[in-house]
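Please look through the model below with the sequence at hand.

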Amino acid sequence: MGVREFIELWPVVRQLRGSDPTARGDAARSAGSEHLRPRIAEADRVVRSICPYCAVGCGQRVFVKDEKVIQIEGDPDSPISLGKLCPKGAASQQYVSRPDRVTTVRYRRPGGTEWEELDLATAMEMIADRVLDTRRRTWQDTDENGQPLRRTMGIAHLGGATLDNEENYLIKKLYTALGAIQVENQARL
Amino acid sequence: MIQGSNFAECHPVGFQFVMEAKLRGAKVIHIDPRFTRTSALADLHVPIRAGSDIALLGGLINYVLSEGKEFREYVVSYTNASSLISEDYVDTEDLDGVFSGWDDKSHTYDPVSWAYQDSESDGDGQGDGDGGGGERSAHGGEHQRETAGGDKYGSGGASVAEKPRRDPTLQDPRCVFQILKRHYARYTAEFVEEVAGIPQDTFFELARAITENSGRDRTTNWSYAVGWTQHSVGVQYIRAASILQTLLGNIGRPGGGIMALRGHASIQGSTDIPTLFNLLPGYLPMPAGERGGSLEDYIEPDAGKAGFWGDMPNYMTSLLKAWFGDAATAENEYGFDWLPRLSGDHNNYATVLDMAEGKVPGYIVAGENPAVGSANGRLQRKALEKAEWLVVRDLSCIETATFWKDSPEIETGEVRTEDIATEVFYVPAASHVEKDGTFTNTQRLLQYRHKAVEPPDDARSDLWFFYHLGRIIKERLADSDDPRDAPIKALTWDYATEGPSAEPVASDVLKEINGYGPDGELLTAYTQLRGDGSTRCGCWIYCGVFADGVNQAARRKPAREQDWVAAEWGWAWPANRRQLYNRASADPDGKPWSERKALIWWDGEKWTGHDVPDFPPTTAPDYVPPPDARAGKALAGDDPFIMQTDGKAWLFAPAGLVDGPLPTHYEPAETPFHNLLHPQHTSNPAAKLYEGPGNRHHPVGSTVFPFVLTTYRLTEHHTGGGMSRFVPYLAELQPEAFCEVSPELARERGLTHLGWATVVTARSAIELKVLVTERMQPLRIEGRETHQIGVPWHFGHNGLAIGDSANDLLSVTLDPNVDIQESKVLTCDIRPGRRPHGAGLRTLVEDYQRRAGLA
Amino acid sequence: MTPPEEVRAADGAASYLGMPGERPPRLGFFTDTSVCIGCKACEVACKEWNLVPSDAGPTGSNPTDLAGLRDMDLLGMSYDNTGALGSSTWRHVAFIETRTEESPAHPAGDVRWLMSSDVCKHCTHAACLDVCPTGALIRTEFDTVFVQPDVCNGCGYCVPACPYGVIDIRPGDGRAFKCTLCYDRTKDGLTPACAQACPTESIQFGPLDELRERADRRLAELQGNGVTEARLYGRDPDDGVGGDGAFFLLLDEPEVYGLPPDPVVTTRDLPQMWKRAALAAVGLTAAVVGSFLGGRSR
């Protein structure tokens, strides 16, 4: 590019020539600017969701492209949030999509000093083994007065306040049938 | 009024409506130990000493009663102010800090003397003979305390005599109104100033603000959060606010209420469908003690009692049918016998103490981080070390998953990784956009989320995890003859699955929660539930979420196309009712108290209005139930509090609480001050302390631990940090652990802004960066300058925003009704500089213990 | 599944888009700091939308971009750990702890905590744009000031030109960045990310004329309620930068918030210079090009 051509492009020069005094210069617009679109316009679909942080229950719109979440923002339809989000809600796309999210099973054997890899199906079988074995070993049929207990005090559970109602329902149902009673969640904490 | 809550910081989007109200002329007052972002936007911030809220609320109650500012017509008609209490009842004011029924050996109350005088008995309140009172047989004795208090009674609270003797003039010395007056007479403005550090001028400004803004035309709202619940007297904090708001006529009316601002996406849902030891779905109690025999024994205390809790047998039978299906028959009491029985306090802290002694081999943690988020972090991690196996389900490798290699105890050399025998499974969880399901928000609203994408790699929903765990277990036990396996074999578990990972269909589960009728049709309302085994319902209060076969929780009619109630967005339990007890929004004749505050009203034939009436729809205001009426039919036309057996709001709680029928000022378990009111009982005598080597409590007035400490959240982080410290955009906003101190304290202790400080308790010592700020102000309490230190509790050493955990400082000290820990107030010492790293840390703490006489 | 089109229609923000070929009105921000709760949703929503790097770690959307500018230490500026606007901070919430005047009722004065979300002012007379030699900085059809990332070559002239210290070069990338007023979103009739998220509507977005009217009403209301310290900043078209496209309602002097009290476009005298020295233009050009080339080789 010669000096002259370069000067021609300089916005100040264009402004001073009088046709574009505040440089609302369409001519200076690059191809990128010309074709700029919000990435959500390219979304394959928009899915309605609810923020996972506090209990206000703000509406979220989840924009998906190529089976990836490309953006999460507030849902203006929600009478609760009217499209707004707090910093945590606004960061939830990063929460679900950040590269250092740990998405594979990790196993630490007794006394082990490092994580090991483990297949999910194997992990599920191993956990079922331990639940049944512990239940067998710690079963209490009656108390010292012969009153029925029908339970295990060997398996405890903690969690549920960010889980779905459907999940909590299966949790309580399964543990109760197993006789595990020490089932608790953050609602007390 | 915002008290016990940092509304703006912890619920920013909800706070938009506070700001809108302010723009429309509402006065916003924030009462809090710290000047927070909420205080900054309030019209008035009132600093208060952490742990003294009942002193202030009691002072306001006293002001209302002594100035005659109560909403008289509301109080007479809708509360138990006129009910007469047993002659045996003796107040804390006459027993130096305990109520009648106290047993000093067991540290429990026998609540029988708190009962109503029964209108059908001789008036002594014992009432054992007629089945109406019967507290002793139903709930009394030591057993009440050991099986966790109020929740034991389910959502109806305790049953009481349905028709207590009454004095509508409120003059009888045994009536609740007069008892209340006497109980709070010493809660004067001077007392509030001495104890809470609130100047008398400010106190009267508060008192005038709330009384002038309550009545027929105006209502006042009180918003609270864990700043009230996380105390050894937490339930009584809420009770105190309820009493005040009821006296002012602010319950069941638009713009009124006491509003619990809950802190997790479905923390409401996780109590409704409880992952809590003492409850079954819909606040049905777990079988225990006298309720642990037959199904008959279980329902007896409540069946047929006035109010909607009288239909509890229908709810329980329908739950058992939902769980055990065709195997649940009238002959086997619908499988009631298969349910495990409680025998004491099985709350998580009690379990963790047992686990630390090697008594609990298995621990599954789903979406929590107790190594950082639970009180007494060292004790929590000690328990993890003693578990045989641990499953952690999360999106990140949180401290609870990695304790075996990088806990503070590894750093101090107390334990070695090689010596920790715990087997650990980290099983990655799906995020909220990777699964279908409902959250229940802080206003009881169920909102359905639709899955946007498949979870990555091994990540799975908890629905998947527990469904498939149950499936594997059922397959393993399919051929078992062992009677203990019968409930597993009978358990209905045939949910449809979909997608590449065989994900259970969440809406199928929600349909089971909603319930089915005799012909397999989805039910529309819990009033359809029957006790004869013909209906199935997984959670009676959620019955109706699939009304008309439509997923009501997935409704999303835009706000701009609806009125202010927005009844077509999501679904609120029960019955899509947005405001509970809204019968009280109308006067006894069924007319709104004022046009300005109209919500529902009687139109001559039925209840109607903006909201779904929380009342039998055709019960006229002048209805008087016949003597043989049961359940809902036993409610009179002016009984708005339909879950209570007497239909009235309880200013005085004749049953249901384990630490007294009225809120009384107690100091926190750890406090620099003795109790000004009753020096013999400084702290709540019924609180659970779990005193032991790993859980030492500081002596009252200890000079070794002279400062008050309070813990809290920041907008930029979430709870134990699992959902925020690993997120770069949040981590950079609050990158490391800190404490906030006043310039006065900084001078006194040589602390410098942005320097290090070490905070010490008898449990541990942690190091924090120091923010010196005038937002922390010393208060004058009992004539002494008193310093408070603030510490956010989000931090741990994994993730991007890191630091020592505030919960390591805490003891396990629990409210006796609900087992919530006292994390909003404790005592401590603070010194400049970093803590010792390595073995020196325990030496430091042990030195403090010795100096405080705790070694 | 809702198609994106519906979402945009529901947004209701497209009203200013007008007929094809018609100039849309000037768009801007009015930031009413009297209702700011300091939640920083604007900072996060901005970064999320614009894929701005984080100081803390890989962001996911832009895994190679790590700002990495500083250690993750507290800044000690109250709850502000962001510090200032910059190449990777396009919204910045300032926290100012002060005391009110002493009064008989409050002999020591009252604690006051001011919060304010700062942003590029999108000046009427934008010096950054004036000095940009590559045409990377343009004024859009909405009269907002936009750095075209596919043109910017990182010469850095704009950096000292900005009277507010907003625009900056991103280390590791080399180009200049600042608030785009979400040009991609506004082109499609969407509200910029920060204003969309702001819980209390402290950040308001819209046609500048409307915002100015709204701001005047709000100011009158506050002053009527005795908040005499309330003032508008950047609203006046006759100020040193010809008025800001992003202006503010403040509750104290601008300096308290770290804002220059009387910003002046640094190129104010440039047009007259050009007229006076039209014939000497070649000489000036040579000088500027010289320094430009020098800049590029740095």
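**A walk through the three chains**

Strand 2 (residues 59-65) of chain A pairs with strand 3 of chain A in the antiparallel sense, over six bridges. Strands, and helices likewise, are DSSP runs numbered from the N terminus, a helix (H or I) having at least four residues and a strand (E) at least two. Two strands pair if DSSP finds at least two bridges between them. Within this pair, Val62(A) stands opposite Ile72(A) of strand 3.

This is a predicted model, in which local features need pLDDT of at least 70 and side-chain atom pairs count only at pLDDT 80 or more, while totals for chains, interfaces and linings use all residues. Residues are numbered from 1 along each chain as its sequence is written, and chains are lettered from A and ligands numbered from 1 in the order in which they are written.

The pair belongs to an open sheet of three strands in chain A, with the order 1-2-3 and antiparallel pairing. Strand 1 (45-50) and strand 3 (68-74) of chain A stand at the edges with a single partner strand each, so one side of each has no neighbour in the sheet. On average, neighbouring strands of this sheet are turned by 30° against each other, direction ignored. Axes here are lines fitted to C-alpha atoms, for helices over the stretch in contact, and angles run from 0 to 180 degrees between N-to-C directions.

Chain A as a whole has seven helices and eight strands. Of its 189 residues, 57% count as buried. A residue is buried if 20 or more other C-beta atoms lie within 10 Å of its own, exposed if 12 or fewer do, and partly exposed in between, with C-beta atoms placed from the backbone. Among contacts in chain A with a separation of 6 or more, 30% are between residues 24 or more positions apart. Two residues are in contact if their C-beta atoms, placed from the backbone, lie within 7 Å.

Next comes the contact between chains A and B. It takes 97 residues from chain A and 125 residues from chain B. On the side of chain B that touches chain A, helix 21 (residues 462-476) of chain B has the largest share, ten residues. By class, that side has 67 nonpolar, 42 polar and 16 charged residues. Nonpolar covers Ala, Val, Leu, Ile, Met, Phe, Trp, Tyr, Cys and Pro, charged covers Asp, Glu, Lys and Arg, and the others, Gly among them, are polar.

Strand 7 (residues 148-158) of chain A runs parallel to strand 10 (residues 362-366) of chain B, and four bridges join them. There, Ala156(A) has Tyr363(B) as its bridge partner. Elsewhere, helix 7 (residues 165-178) of chain A lies across strand 13 and strand 14 of chain B, at about 95° to strand 13. Those two strands are part of an open, antiparallel sheet of three strands in chain B, with the order 13-14-17. Strand 13 (437-440) and strand 17 (571-572) of chain B stand at its edges, each with a single partner strand, so one side of each is left without a neighbour in the sheet. Four bridges join strand 13 to the antiparallel strand 14 (residues 445-449) of chain B, and Phe439(B) stands opposite Gln447(B) in strand 14.

Chain C also touches chain B. This contact takes 28 residues from chain C and 30 residues from chain B. Helix 2 (41-50), strand 2 (91-99) and strand 3 (111-119) of chain C each supply at least two residues of the chain C side, and helix 2 of chain C gives the most, with five residues. The chain C side divides into 13 nonpolar, seven polar and eight charged residues.

What lies in the interior? The largest nonpolar core has 380 residues, and Ile61(B), Leu244(B), Val759(B), Ala41(C), Ala45(C) and Cys128(C) touch the most other members. Such a core is a set of buried Ala, Val, Leu, Ile, Met, Phe, Trp, Tyr and Cys residues joined through C-beta atoms within 7 Å. Helix 4 (residues 53-66) of chain B gives the most to this core, with nine residues. Leaving aside neighbours within four places in sequence, Leu244(B) is in contact with Leu57(B), Leu60(B), Ile61(B) and Val64(B).
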